[in-house]
Amino acid sequence: MTQSAAGVMDAVLHDPEKPVPPSGPAWGAVISLSLGTFGLVTAEFLPVSLLTPLAHDLGISEGAAGQAMTATAIVGAISAPMVAIITKRLDRRTVMWTMTLLLILSDVLAAGAWSLAVLLTARVVLGIALGGFWSMSAALAMRLVPSHLLPRAMSIILTGVSVATVCAAPIGAYVGDIWGWRSAFMLAAAAAAATLLVQLITIPRLPPIGVASFRSLLDVAKIPMVKIALLVVLLVASGHFAGITYIRAFLEKIPALDVETISLVLLAFGISGFFGNLAGGLLAEYSLKAVAALAPLLIAIAAVSLLTAGASALASAIAVAAWGFAFGAVPVGLQTWMVRRAVPEQAQSAGVLLVTVFQVAIAAGAIFGGLLVENAGITSAIAYSAVATFVAALIVFLVGPKRET
């Protein structure tokens, strides 16, 4: 979910209502939103790097532990539109503070979990925070800075995603190996607490000014090219998370890497994703179709490489890094595709719809991947990743956005 939420940010650029605080740009509040994205993305993907010790400590299978990702995604999909609509009469800063409090609670619950039920409860709480935050964070940024500074504000906010993408998995694996997996969640809770303090100090009063409705979401979903884009989102995201959720277990069993090496491989995945995001943005200026198609195709190639040459430590490391680079570029193409296919007044609804569908896809991928791991082994989840992302790339090549879009 987490990089797909940037689609909401892109969407609200078209919102005609944009009150700006009279005191000028509120850069401290913008930075606090960046800290929020860092905390959410870190918490969302910590189970990926801690899956094996977490499952062992709770006495459950790796497939069952992987469903922690599913719970977060399902709730995030529901809460993305619901939180914005239910809280439409509340000051936006109050809602944002509440979402950060839920993030802290989720991390603390996860750190103290003594059973799968408690862990899933923690992830449900995180899902509420995740969906609620992404449904309004970009709209808040629009109200914190004047129009000509909005791109800079967006860049700052997305920095939190990039840093978390690079740091969360390898640091989580490293800290979990030294002090135990629970310490990684406590560290995340401490970071979220610091974020809340910054938000309490910096975010000004922001009375609500309107919200997307269920009707507008349905209207956007009826646009033919948007339907195709959503199908591609489902295939790419489900394929990605079906495989990447169990990548640590794959690296432990197939090339038999130790924890230190796995941490380095995951770091390479994160760094590659950061550069993939930059590359996707540059390429999208020339060909949106190329980004939307080549990114999932590269994921498919990486997955096939793991299946055919995964026993080699070097080959596995290169494939995982390539996978990270490709997925880093995925949101650029899909976000732009979605937003450009909606008329300006529907753009915010398009962004919310993208977040919701992406979270559904994460859940579907984690569930299906878990079933495959339980019944056919880890390689079957990687195989599904290859098939799903290849089909997505094929759809884009055949009926995707034209060059002029």
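## Close-up views of a predicted model

Figure 1. The side chains of Arg248 and Glu252 form a salt bridge, with an N to O distance of 3.1 Å, in what is a predicted model. Both residues belong to helix 10, which covers residues 247–253, and they stand 4 residues apart, about one turn of the helix.

Figure 2. Asp57 and Arg182 are joined by a salt bridge in which the closest N and O atoms lie 3.2 Å apart. This pair links distant parts of the chain, for Asp57 is in helix 2 (residues 27–58) and Arg182 is in helix 7 (residues 181–202), 125 residues apart. Asp57 has a relative accessible area of 43% and is therefore partly exposed, and Arg182, with a relative accessibility of 27%, also counts as partly exposed.

**Figure 3. A salt bridge between two loops.** In this view the side chains of Arg205 and Asp91 meet in a salt bridge, at 4.0 Å from N to O. The pair again connects distant parts of the chain: Arg205 comes from the loop between helix 7 and helix 8 (214–221), Asp91 comes from the loop between helix 3 (62–86) and helix 4 (92–111), and 114 residues separate them. Arg205 counts as exposed at 57% relative accessibility, while Asp91 counts as buried at 15%. As a general point, side chains of opposite charge can pair when their charged atoms come close.

**Figure 4. The packing of helix 2 against helix 3.** The axes of helix 2 and helix 3 come within 9 Å and cross at roughly 160 degrees. Because this angle is over 145 degrees, helix 2 is roughly antiparallel to helix 3. The crossing of helix 2 with helix 3 is right-handed. On the side of helix 2, the contact is made by Glu44, Phe45, Pro47, Val48, Leu51, Thr52, Leu54 and Ala55, and on the side of helix 3 by Glu62, Ala65, Gly66, Met69 and Thr72. Sorted by class, this contact of helix 2 with helix 3 has 8 nonpolar, 3 polar and 2 charged residues.

**Figure 5. The packing of helix 4 against helix 7.** Helix 4 and helix 7 pack with their axes 8 Å apart, at an angle of about 165 degrees. That angle makes helix 4 roughly antiparallel to helix 7. The crossing of helix 4 and helix 7 is left-handed. From helix 4, the residues Met96, Trp97, Thr100, Leu101, Leu103, Ile104, Asp107, Val108, Ala110 and Ala111 meet Trp181, Arg182, Phe185, Met186, Ala188, Ala189, Ala192, Ala193, Thr195, Leu196, Gln199 and Leu200 from helix 7. By class, the contact of helix 4 with helix 7 has 17 nonpolar, 3 polar and 2 charged residues.

**Figure 6. Arg143 and Leu206.** Arg143 is found in helix 5, which covers residues 116–144, and Arg143 is buried, with a relative accessible area of 8%. The C-alpha atoms of Arg143 and Leu206 are separated by 8.0 Å, although the two residues are 63 residues apart along the chain.

**Figure 7. The backbone at Ala256.** Ala256 has a positive phi of about 55 degrees even though it is not a glycine. Ala256 is found in the loop between helix 10 and helix 11 (259–284), and with a relative accessible area of 54% Ala256 is exposed.

**Figure 8. The whole chain, as a setting for the close-up views.** The chain has 15 helices and 0 strands. Of its 405 residues, buried residues make up 60%. Among the contacts in the chain with a separation of 6 or more, 88% are accounted for by residues 24 or more positions apart.

Terms used
Residues are numbered from 1 along each chain as its sequence is written. This is a predicted model: local features need pLDDT of at least 70, side-chain atom pairs count only at pLDDT 80 or more; totals for chains, interfaces and linings use all residues. Side-chain values use heavy atoms; hydrogens and water are left out. Buried means under 20% relative accessible area, exposed over 50%, partly exposed in between (1.4 Å probe, protein chains only). Axes are lines fitted to C-alpha atoms, for helices over the stretch in contact, and angles run from 0 to 180 degrees between N-to-C directions. Angles under 35 degrees count as roughly parallel, over 145 as roughly antiparallel, 65 to 115 as roughly perpendicular and the rest as oblique. A crossing is left-handed if the near helix is turned anticlockwise from the far one by less than a right angle, and right-handed if clockwise. Contact means heavy atoms within 4.5 Å. Ala, Val, Leu, Ile, Met, Phe, Trp, Tyr, Cys and Pro count as nonpolar, Asp, Glu, Lys and Arg as charged, and the others, Gly among them, as polar.
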